Structures are given as C-alpha cells and as structure tokens.
Amino acid sequence: MKNRVKQLRERKTMSQVELANRVGVSRQALSAVETEKQSPSLSIAMKIAIELDAPLQQIFFIEDESMQATKVPTLSKIERLNFANQFA
C-alpha cells in the first residue's frame with residue numbers, strides 16, 4: 001500500500017520516534033510503514049491519520065495499474081464525418 005506518512009510527518013516537524021510513541025508502535029514498525037515494507041492495521045492507520053490530522057485516503061492509497069485510466073482511441077473529425085455519411 002502506498003502512503004504519504006513520511007511527508008505528512010515531516011510537514012508537522014514530528015520525528016519517527018514521536019509519531020511512533022503517539023500511535024503505540026515501535027519506531028522500526030513506523031519506519032516499515034513509511035518505506036512501504038509493511039502495511040499498517042486499520043486501527044494503526046486510523047491512529048496515524050488522527051495524529052497527522054489528515055483523512056485516511058489522503059495518507060494511504062492503492063496504486064494499481066488496473067485502476068489507471070485507460071486511453072480510448074478517438075476518431076478524428078474527418079473519420080467521424082465519413083462514418084456519419086455512411087448512414088445518410
């Protein structure tokens with residue numbers, strides 16, 4: 001799971017140790033979340049969101065290629081006119 005924990009934590013000028021203590025995890029566990037080596041449990045994610053004063057969806061998100069917008073080929077104006085003229 002992708003996240004913005006480190007960026008938001010640094011913006012609040014909070015150390016890893018401080019945030020980890022407030023959330024109730026070790027500094028190493030918080031580091032693993034920040035580096036995306038581990039995903040936090042829902043309760044820890046919610047505590048992080050509260051401490052960073054940000055909504056969960058702003059902090060944690062899934063970056064999945066299947067969810068990316070796909071580019072649909074479009075017809076040029078001439079191709080659309082030619083297509084329409086076939087039925088006129």
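Which residues in α2 meet which residues in α3? Q16, V17, L19 and A20 of α2 meet R27, L30, S31 and E34 of α3, where a contact means heavy atoms within 4.5 Å. This is a predicted model, in which local features need pLDDT of at least 70, side-chain atom pairs count only at pLDDT 80 or more, and totals for chains, interfaces and linings use all residues. Residues are numbered from 1 along each chain as its sequence is written, and side-chain values use heavy atoms, with hydrogens and water left out.

**The chain as a whole**

- The chain has 6 helices and 2 strands; these are DSSP runs, with helices being H or I of at least four residues and strands E of at least two, numbered from the N terminus.
- From the N terminus on, the order of elements is β-α-α-α-α-α-β-α.
- The chain has 88 residues, of which 25% count as buried, that is, under 20% relative accessible area with a 1.4 Å probe and protein chains only.
- Among contacts between residues at least 6 apart in sequence, 59% join residues at least 24 apart.

**Residue Q16**

- Q16 belongs to helix α2, which covers residues 16–23.
- Q16 counts as buried because its relative accessibility is 18%.
- Leaving aside residues up to four places away in sequence, Q16 touches R9, R27, L30, S31 and E34.
- K6 is 10 residues from Q16 in sequence, and their C-alpha atoms are 8.4 Å apart.

**Helix α2 against helix α3**

- Helix α3 (residues 27–34) packs with α2 at an angle of about 105°, with the axes 8 Å apart; axes are lines fitted to C-alpha atoms, for helices over the stretch in contact, and angles run from 0 to 180 degrees between N-to-C directions.
- α2 is therefore roughly perpendicular to α3, a class that spans 65 to 115 degrees.
- The contact of α2 with α3 has 4 nonpolar, 2 polar and 2 charged residues; Ala, Val, Leu, Ile, Met, Phe, Trp, Tyr, Cys and Pro count as nonpolar, Asp, Glu, Lys and Arg as charged, and the others, Gly among them, as polar.

**Helix α2 against helix α4**

- Helix α4 (residues 42–52) packs with α2 at an angle of about 120°, with the axes 9 Å apart.
- The two helices, α2 and α4, are therefore oblique to each other.
- L19, R22 and V23 of α2 make this contact with I44, K47, I48, E51 and L52 of α4.
- By class, the contact of α2 with α4 has 5 nonpolar, no polar and 3 charged residues.

Notes: Buried < 20%, exposed > 50% of the residue type's maximum accessible area, 1.4 Å probe, protein only. Parallel < 35°, antiparallel > 145°, perpendicular 65-115°, else oblique.
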